[in-house]
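Subject: A structure for you to look through

Hi there,

Here is the structure I promised to pass on.

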Amino acid sequence: MDFCPAYTTIFRFEVDSEVRVLDCTDSTLNGAWVQKKDEVFGGNSRCIEHASGSRPLCLEVICGTNGRDTGKVIFDVNGRRLRCRYSGEVLKLPSGTEVICPSFEQTCPESMCPGNCSGRGRCDYSLSPPQCECFNRQDTSPLCLESPWSFAPTFSPVPTTSSRPTTSPTFTPMPSESFARSSASFGSQVVYAILVSLLAVVIIII
């Protein structure tokens, strides 16, 4: 990312009778005729893709490591900080030029944890250089190779169970005494009604 990709001779130019190649980290190019608005050449500059121009631009870059800037690429343009929210986002510079935000991993490799912690930990950007905080607290390897892929699932410490668990089917309990008495009374009434009906039939026949 330190060198702007040049596929044609347009990015080779002459400065003080010397043929030069466009190099974002070459501070001697500041003030040269090839320099465009918002461009700064120097150790903190990186090659940033132009959204519609003929060549990339060299912009001062800050690798965010604190707060909401963590893991974000930030452009420092004439003292104004422009933060990329995601890779591929199009940002407009103060001059009106639009550039495409690069990925944090490609632009700031020194600000990344080794191997991105192998997906088995989180990167602690508060340290310099950043270090992996592994899921397995006993794992001290740089790549967290002795840690699981993710945190273990969370279980309830005291699961709720029945006081008398059983696999047997549930049966309806025996009817209560009051229910039995009411049932017997109803049966007696039915029998009495039948007898009365039969007696009436006999009387009619006679």
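Below is what I found in it, by topic.

First, the ground rules. This is a predicted model, in which local features need a pLDDT of at least 70 and side-chain atom pairs count only at pLDDT 80 or more, while totals for chains, interfaces and linings use all residues. Residues are numbered from 1 along each chain as its sequence is written, and side-chain values use heavy atoms, with hydrogens and water left out.

Confidence
The average pLDDT (the predictor's confidence in each residue, from 0 to 100) is 76 for the chain, and 66% of the residues score at least 70. Residues 6-10 stay under 50, and the model gives them 1 contact (heavy atoms within 4.5 Å) beyond four places in sequence. Where pLDDT is low, the predicted coordinates should not be read in detail.

The cores
A nonpolar core here is a set of buried Ala, Val, Leu, Ile, Met, Phe, Trp, Tyr and Cys residues joined through side-chain atoms within 4.5 Å. For burial, the cut-offs are under 20% relative accessible area for buried and over 50% for exposed, with partly exposed in between (1.4 Å probe, protein chains only). The largest core has 23 residues, and Leu59, Phe75, Leu91, Leu93 and Val99 have the most contacts inside it. Strands β4 (57-63), β5 (73-77) and β10 (131-134) each supply at least two of its residues; strands (E, at least two residues) and helices (H or I, at least four) are DSSP runs numbered from the N terminus. Leaving aside residues up to four places away in sequence, Val99 touches Leu57, Leu59, Phe75, Leu91 and Leu93, among others. There is also a second, separate core of 8 residues, including Cys24, Val34, Phe41 and Cys47.

The sheet
Four strands form an open sheet in the order β3-β4-β5-β6, with antiparallel pairing (two strands pair if DSSP finds at least two bridges between them). At its edges are β3 (45-48) and β6 (80-83), each pairing on one side only. β5 and β6 pair over 4 bridges, and Val77 has Arg80 of β6 as its bridge partner. In the loop between β5 and β6 sits Asn78, which is exposed at 67% relative accessibility. Asn78 has a positive phi of about 55 degrees although it is not a glycine. Most residues other than glycine have a negative phi.

The loop between β2 and β3
Asp26 is found in this loop and is buried, with a relative accessible area of 18%. Its side chain joins that of Thr28 in a polar contact of 2.5 Å (a pair of N or O atoms within 3.5 Å; within protein, one must be able to donate a hydrogen and the other to accept it, and residues adjacent in sequence count only if both atoms are side-chain atoms). Gln35 lies in the loop too and is partly exposed at 25%. The side chain of Gln35 makes a polar contact of 3.3 Å with the side chain of Asn30, and one of its polar atoms lies 2.6 Å from the backbone nitrogen of Gly31.

One last residue
Cys144, in the loop between β10 and α2 (177-205), also has a positive phi of about 55 degrees. Cys144 counts as buried, at 0% relative accessibility.
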